[in-house]
Amino acid sequence: MTDADPRSEKQKMLAGDLYRAGGEELTADAVRADRLMRAYNATTAEETERRRSLLAEMLGAVGEDSVLRPPFHCDYGSNIRIGRGCFVNFGCVFLDVVAITLGDHCQIGPSVQIYTADHPRDPDLRRAGYESGIPVHIGANVWIGGGSIVLPGVRIGDDAIVGAGSVVTRDVPAGATVAGNPARILKRAPTA
């Protein structure tokens, strides 16, 4: 692996290519996210307007009537897009080195973790500090039970349910119910 690529580490990261999580641009973005997360996580339930304002500044997009209960943690925030009417419960972690998208009316249980960050399987590349990201897309009206983990690159279809404590390692079809570690389909959507 050479460093001849003229793109910034942030440009490589956002493209889903191997990058190193450093440099002025990514450091500034991480500091910004940290400042906003600390402010957000210090708010009280009565500060709904302040929370809304901080979320709008921190996230790439947040839909009307969406609620994220603090504490909430992310890498950058700017790569997270949350639809309308979503509910994200206490203690969630969204590692957003690339896009995390939640469709409208998603319900996310407490302590759910959504990861886009990935690492090379080659030990020499890991040792050299490289990582990458694969987007996660969660459709509309999805319910993810508490303590679940969604791994990089997963797509969860509209109206799906993920049972509490599941580790989602592969795509979930629309309307399906999955659970377990690794998550397996328990019920498919009814066919028309």
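Predicted model: local features only at pLDDT ≥ 70, side-chain atom pairs only at ≥ 80, totals over all residues.

**Entry 1: the largest pocket.** I started with the largest pocket, which holds about 170 Å³ of space. Which residues line the largest pocket? I listed Tyr40, Ala45, Thr48, Arg51, Arg52, Leu55, Asp65, Ser66, Val67 and Leu68. Both α3 and β3 supply at least two residues of that lining. The largest share, four residues, comes from α3.

**Entry 2: helix α2.** Tyr40 from the pocket lining also turned up among the buried residues of α2, and I went there next. Helix α2 covers residues 23–41, 19 residues in total. From its first C-alpha to its last it reaches 27 Å, close to the 27 Å expected at 1.5 Å a residue.

Then I checked burial along α2. Leu26, Asp29, Ala33, Leu36, Met37 and Tyr40 are buried. Why do I say that the buried residues of α2 line one face of the helix? Seen down the axis, they fall within an arc of 105°, so one face is what they line. On the other side of α2, I found Glu24, Val31 and Arg38 exposed.

I also looked up what covers the buried residues of α2. The cover includes the helices α1 (9–14) and α3 (48–58). It also includes the strands β1 (19–20), β3 (67–68) and β4 (72–74). I note that α3 and β3 were in my pocket entry too, as suppliers of the lining.

**Entry 3: aromatic rings.** How many aromatic pairs does the structure hold? I got one. Phe72 and Phe94 form the pair, and its geometry is edge-to-face, with 5.2 Å centre to centre and 80° between the planes. Phe72 lies in strand β4 and Phe94 in strand β7 (residues 92–95), so the pair ties together parts that are 22 residues apart in sequence.

Buried or exposed, I asked of Phe72? Phe72 counts as buried, at 1% relative accessibility. Phe94 is buried as well, with a relative accessible area of 0%.

**Entry 4: Gly145.** I located Gly145 in the loop between β14 (143–144) and β15 (149–150). With a relative accessible area of 7%, Gly145 is buried, since the cut-off for that word is under 20%.

What does Gly145 touch, leaving out residues up to four places away in sequence? My list reads Gly109, Val112, Val162, Gly163, Ala164 and Gly165. I also noted Pro110, 35 residues from Gly145 along the chain, with 7.6 Å separating the C-alpha atoms of the two.

Key
Residues numbered from 1 in each chain as written. Heavy atoms only, no water. Expected span 1.5 Å × (residues − 1). Buried < 20%, exposed > 50% of the residue type's maximum accessible area, 1.4 Å probe, protein only. Arc of directions from axis to C-beta. Contact = heavy atoms within 4.5 Å. Phe/Tyr/Trp six-rings, centres within 6.5 Å; stacked < 30°, edge-to-face > 60°. 1 Å grid on protein atoms, 1.4 Å probe; cavity = no way out; pocket = protein on both sides within 12 Å on 5 of 7 lines; lining within 4 Å. Points joined across faces, edges and corners; volume = space filled by probe spheres on them.
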